[in-house]
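Please read the following points alongside the sequence and the model. They concern how the parts of each chain meet, how the chains meet, and a few individual residues.

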Amino acid sequence: MAAKPPYSHRDPMLKKRDDFEDILEERRNSSDLRYALKCYTPVVYKGVTPNAASLLKTTVLQSDQLHYVVDQLSKETGVAADVIQEEASAILEEMAHRQQLSTVRFFAFTLSKAFKALFRSIHVNEEGIQRLQQAIQEHPVVLLPSHRSYMDFLLMSYILYTYDLVLPVIAAGMDFMGMKFVGEMLRMSGAFFIRRSFGGDKLYWTVFSEYVKTMLRNGMAPVEFFLEGTRSRTSKSLTPKLGLLNIVMDPFFKGEVFDVSLVPVSISYERILEETLYARELLGVPKPKESTSGLFKARKVLSEDYGSIHVYFGQPVSVRSLAQGKVNRCHFNLMPRHIPRRPSDETQCFVNDSAYSLVRAQEENMVLKPWVLLASLLLQNQSQGLLLDELTEQAVWLRGLSREYGAFLNWPDHMAPSEVVSSSLSLHRDLVKISGGRVQLALGGQAGPRQPCSSPITEEELMNQAVVVLSCTSYRNQALHVFLRPALLASAIHIATSAKKEEVYNSFSFLRNMLSNEFILCPGATLQDFEEACYLLGKTGALQMSQQEMQVTDSGQKTVNFLTAMLDPFLQGYQVVCRYLCEEATEALTEKQFIPAIRTFIVRLILAGSLRYYELLSSDLQKNALAALLRLGAIRKIKVADNVTLKVNRLMVNSLEDTLGGKLPTQKAVAARL
Amino acid sequence: AGPTEIMKWNGWGYSDSRFLFNKKGQAEFTGKRYRLSGMILPSLKDWFEGTFGASLQHKSPATVSAIYIYFFNAVQPPTLNEAFVEDLKSVGIPFSHDAEDRVFRAHGHCLHEIFALREGKVGRVPDLVVWPNCHNDVVKIVELACKHSVCLIPYGGGTSVSSALECPPEETRSIVSLDTSQMNRILWIDEKNLTAHVEAGIIGQDLERLLNENGYCTGHEPDSMEFSSLGGWVATRASGMKKNIYGNIEDLVVHIKMVTPRGVIEKSCLGPRMSTGPDIHHFIMGSEGTLGVVTEVTMKIRPMPEYQKYGSVVFPNFEQGVACLREVARQRCAPASIRLMDNEQFQFGHALKPQVSSIFTSFLDGLKKFYITKFKGFDPHHLCVATLLFEGNREKVLQHEKQVYDIAAKFGGLAAGEDNGQRGYMLTFVIAYLRDLGMDYYVIGESFETSVPWDRVLDICRNVKERIIRECKERGVQFPPLSTCRVTQTYDAGACVYFYFAFNYRGLSDPVHVYERVEHAAREEILANGGSLSHHHGVGKLRKEWMRETLSNVGMGMLKSVKDYVDPNNIFGNRNLL
């Protein structure tokens, strides 16, 4: 709890953000061909070594790091060193990018066409671009965009090309390579490919990390990768992966570069291309393997309107200043730097904290559209829906609240709220229906989830409805980071046995810990989060705090209800998972069976009318709940032959369920264990 | 007594030798002592103004004269220990409590020390100066100091750059500066074993001159050798320019005699190497005056070299230069001296070229420049220069020279002539005078050094230089600083790197504080990049704060327990090191 906050805690209302420019506007008014063939002369890093690009592979293959590992492996396995070196060479060949300007120009042309067809506008903060340009000249740069769509990295390169900046080299998942032609095209536009998992493969790891570090040390091009590791199917930010971040920070720790600039980039889509695709995937319809033909089928998306995109280039973060006082670089003094070593606990902790604060920096600058607020409201009023006027009124209220909480809301203030609402609804007409002045989620024939008395629906119908609900939640989720901390506090007050500050804090800490696989909650920052939540609720007058007590005010009831309702599906979901594990799970439950089994269980509960949240069907939530229980030690993995079975500590799971439901006080014992 | 008339009291070196800008705005170096003396340096002004954003219009001369200091009570009256003084009189050892003598021995040559003197500010100074004439005098003085509880601070050449000579302000006892300058004789020379027994107060250049008269030399030539003393070398673990042939002080010393509060410490024989437990010489070397006074040293001598040749090599960039030095070290064929200057220092060296005597030479210079930059394609803003000094018998020197130039060629190095090399080494001796010139025009600066493994040389150079620039900017320095380095020594496992750093302080209210913070940050950067706390300047009081992390707790404890045993009452109370 003593850990320092990884971000500054001040009034979020006072956050200053840059203005946006629409880069598509010029594309609509001038020749795309001329644009694709324009003179492209980006400024480069001052320390860039000439010919570095052409020497990249040789440098990696001849590096001391690689030699060391090759020798070691050769000694361990008895395989000749040159055979292993060959292997390394093959790995590098499979991995390396082959960026060439002609391909980039080809993309510049085709993407111009595609973007204009798909999107109304692509907004970019030009001040951010200027900061980036400055940073590129001074230090090696790492670009860290959020990841919500396949589009992301093409879009990034497109923007950098537009602004005459050095094109990044991008770490991409190997699954793209499956698309033969496209994979090669992406490679030539600057992508390099890494296998999804190579945990124990020392050789692969060495080639890979040397490849990335060599590019950084020589400052040839910005390195781009996704902190979240994969596309978030839910629009919630994912728990950051630390591997690559560790790699790009390493040259600084070892003094090989003076500094490294990390630039968080927030890409917000008004409508996500993969909207229903993701929902299906979360519901268990398997993800279509990336294939070229699949991509062509996606052509029909070209005829739809996907609104606008906002890309916000955040403030470059200096690894040097970040590490000041946290990492003692002298630790690297006593061993040759090319010998691989596990990062120290201190370093690991630092990288982890940095990763969280970078993801939070991405979240902070995510642009929220009015629809995000509408989706939140509609999800909370699924059964009856809302009258258009009501919805507008509520939306205006929520607009105020979210701004108070520091949301980066893109609400056109010059338009009448009713216009804003109706234009948002029309863009997302697949997800809503308006009948008789009442707005509801478009859940097919039956209006809303079943009333206890209505006729039962089939599982297939249920799944179709769930697709709509999950699509909707992906928009609500975009706003979650704004409300998360106050919502945790509101829920904590709700389940706490008394209004005593200490009790509330215990409950807060319990919930926060329970949900830390679900949301971006930096380990060790409980107290900061609690203070932030108190500050925000207090500031808006929803909460009154004395020395010992915290009380929801009358005027604050609405806010608190909204916040509690926002978190409720998650709390319900975790309870259902617990219930399943206590009541239904057998001794032989394997890890692989878990998701299908829990899904069947939830479907059954919904069809029986005893559960109302369709979003609990999301495998994301189920996986997160499982991960949380594993982390807390309520479940243990046991390896039996080729299977991993889940051993459930029923007593503990049961008590967690009751605590989540507010039936059991946040026990000291549980709290201490957490 | 004392050299105060020949030497400057608030600057470096001899009173008659200094840089100045004459009425025509041209730089010249006064006096007759150096090769550069009496010469005009036509390009120094442009370099100076261009590099620092300084201007000859903006002067910042030393504000006060020596007379002010001495006669207007800027110096506190001495706190004398009367009983000690009486006893001193009775044993007949000369002493003085003149303000002039005391102030002169109260400082070394750190920037803050000289800056304060120029402004007429004097802190705590010794209360008394004594001049022992021989080892026995020192024994008597130390006995009396113990008896009367006075604090002794040994003083040799006064060239410390680690605040080692500063009197601790918290010291309440009478502080006595023990000046070894009268102990300056060579007591004997042993030609069979090639050793000389020398009193520790002798100054480097005198030692070398006297030995040369007998056909010998020690070969120990630290940059300060004109003024620094043998005892000082031992007390700080000094390093000489030509260590590749002759070794550093620890390699040169055969026997040391030191007077401590517990008595005299010395070994019983002159054997060239012993296995008798930890070498007690290593408690003495680097003790920085905290344990006692080194009085006599037996050191190795060599016949004077038959032949000396300077040389220089131009490299297209610093990276290539370092790679070449590394290869030379790998092949263990380093000449007596090999030094690599970075581009900024190369430019600086260029600015110190004296006026050429004939059109022909200037034409030749132009031709050389054309050849290197246009024909060979070296970028004048990246190229760097190594200076070389070969010594030995003529044939071997020429052979050696060829070997080194062949290696250099592999790294793109071009031989650039003897002249450039010789000028490079001459600069070593005059560079300290240049700081005084800078201080007349709002420019302050200093050098500091480290040693570092080979694989980190480039990284440390880049990062420390960058850190200096960054820190200056952050601390409000209005002009870009000069931040430059050179590799001055090569070893099997690494190198010694020197950093020079100076900036124009116009617009700053407390320039010395800014300077010190930047130097502090630079030292942190050095340590973070795997560099040592010091290669040969020592720790003094300036770098004390990093000793524990440098040596580990146990290491500190070992040193402390030695101090506690040898000097339980902290008679040698300069508070250096620990």
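**Notes on domains, interfaces and selected residues**

1. Within chain B, seven residues of domain 1 of chain B are in contact with eleven residues of domain 2 of chain B, contact meaning heavy atoms within 4.5 Å. Domain 1 of chain B covers 186–303 and domain 2 of chain B covers 307–428, with bounds that come from an automatic or database domain assignment. The C-alpha centres of these two domains of chain B are 32 Å apart.

2. Before going further, please note that this is a predicted model, in which local features need pLDDT of at least 70 and side-chain atom pairs count only at pLDDT 80 or more, while totals for chains, interfaces and linings use all residues. Residues are numbered from 1 along each chain as its sequence is written, chains are lettered from A and ligands numbered from 1 in the order in which they are written, and side-chain values use heavy atoms, with hydrogens and water left out.

3. The size of an interface is often given as the accessible area lost when the parts come together. Here buried area is the accessible area (1.4 Å probe) that two parts lose on being put together, summed over both. For domain 1 of chain B and domain 2 of chain B this comes to about 670 Å², with 52% of it on carbon and sulfur atoms. On the side of domain 1 of chain B, the residues that lose the most area to domain 2 of chain B are B:Met241, B:Lys242 and B:Asn244, which together account for 64% of what that side buries.

4. Two salt bridges are counted between domain 1 of chain B and domain 2 of chain B, a salt bridge being a side-chain nitrogen of Lys or Arg within 4 Å of a carboxyl oxygen of Asp or Glu. A salt bridge also joins the side chains of B:Lys242 and B:Glu391, at 2.4 Å from N to O.

5. Chain A is likewise divided, into domain 1 (20–365) and domain 2 (459–667), and the C-alpha centres of these two domains of chain A lie 33 Å apart. Their contact takes 26 residues from domain 1 of chain A and 29 residues from domain 2 of chain A. The area buried between them is about 2,200 Å², of which carbon and sulfur atoms give 56%; A:Lys236, A:Leu283 and A:Tyr356 supply 32% of the area that domain 1 of chain A buries against domain 2 of chain A, more than any other three residues.

6. Across the interface of domain 1 of chain A and domain 2 of chain A, three salt bridges are found. The side chains of A:Arg360 and A:Glu532 also meet in a salt bridge, at 3.6 Å from N to O.

7. Between the chains, about 1,200 Å² is buried by chain A and chain B, 34% of it on carbon and sulfur atoms. In chain A, the residues that lose the most area to chain B are A:Phe258, A:Arg329 and A:Arg337, together 44% of what that side buries. Six salt bridges are counted between chain A and chain B, and A:Arg337 forms a salt bridge with B:Asp455, the closest N and O atoms being 3.4 Å apart.

8. Is A:Ser471 buried or exposed? A:Ser471 counts as buried because its relative accessibility is 1%, where buried means under 20% relative accessible area, exposed over 50%, and partly exposed in between (1.4 Å probe, protein chains only). Leaving aside neighbours within four places in sequence, A:Ser471 is in contact with A:Glu275, A:Thr276, A:Ala279 and A:Leu431.
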